[in-house]
Amino acid sequence: MKTLVILVHPDMENSRINKSWKEELEKYPDKITIHELYKEYPDWNIDIKKEQELILKHDNIIFEFPLYWYSSPPILKKWLDDVLSFNWAYGNEYRLKGKNIGFAVSVGGPETEYSKTGYVKFSMNEILIPFEATVEYIKANLISHYILFDATESLSKEKLLESTKNYIKHIFSIK
Ligand SMILES: Cc1cc2nc3c(=O)[nH]c(=O)nc-3n(C[C@H](O)[C@H](O)[C@H](O)COP(=O)(O)O)c2cc1C
């Protein structure tokens, strides 16, 4: 079954990491659908029916985004508010029940700082708890997060290539 990657980046033109990941995803059009929210909805007027239909066509859904202020870029919050509607995602109907949902996040800071003793004070698992709670609430299956730390201009080409290959492997390992 095809994987839907919901890509949430407000500035793809200047992206390095998510652009590299996207270029790799594009090599598998029969297995992966890429859906870019900022490109699709420059006016933020989300077509709820279209989004819901797209979700129903896929068993695996990955939300991919750069970490912005310890969360996602803002259109994803609006997308969740609009698309996960009452009696569709929860209430009398749980249409995402049993779907595999995961998060692929590029993080500018180093992994060592994402701990109790680092300057961030919290781990990425803790930071992503609101997203995890959402997945739980709609009765979908949460799959492991795919996180790249040190996601900056200084990340070596080799590390970027490695993360890009591992991202695809991660997607293809979803059962
Ligand atoms: C508005 C903004 C907020 C950011 N907030 C964080 C943050 O909270 N933690 C962090 O480690 N990096 C943060 N960063 C760095 C981004 O996560 C990093 O630039 C991005 O993941 C790189 O991916 P890209 O090359 O696809 O843009 C932020 C960057 C921007 C522009």
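## Ligand contacts

A polar side-chain atom of Ser106 sits 2.7 Å from an oxygen atom of the ligand. The model is predicted: local features need pLDDT of at least 70, side-chain atom pairs count only at pLDDT 80 or more, and totals for chains, interfaces and linings use all residues. Residues are numbered from 1 along each chain as its sequence is written, and side-chain values use heavy atoms, with hydrogens and water left out.

Asn18 also reaches the ligand through its side chain: one of its N or O atoms is 2.7 Å from a ligand oxygen. Gly109 uses its backbone instead, with an N or O atom 2.8 Å from an oxygen atom of the ligand. Of the ligand's 640 Å² of accessible area on its own, the protein covers 72% (Shrake-Rupley method, 1.4 Å probe).

## The surrounding shell

## Lys22 in helix H1

Helix H1 spans residues 17-25 and contains Lys22 (a DSSP run of H or I, at least four residues). Lys22 counts as buried because its relative accessibility is 16% (buried: under 20%, 1.4 Å probe, protein chains only).

Leaving aside residues up to four places away in sequence, Lys22 touches Leu7, Met12, Ile34 and Glu36 (heavy atoms within 4.5 Å). Ile34 is twelve residues from Lys22 along the chain, and their C-alpha atoms are 7.9 Å apart.

Conventions: A polar contact is a pair of N or O atoms within 3.5 Å; within protein, one must be able to donate a hydrogen and the other to accept it, and residues adjacent in sequence count only if both atoms are side-chain atoms. Helices (H or I, at least four residues) and strands (E, at least two) are DSSP runs, numbered from the N terminus. Buried means under 20% relative accessible area, exposed over 50%, partly exposed in between (1.4 Å probe, protein chains only).
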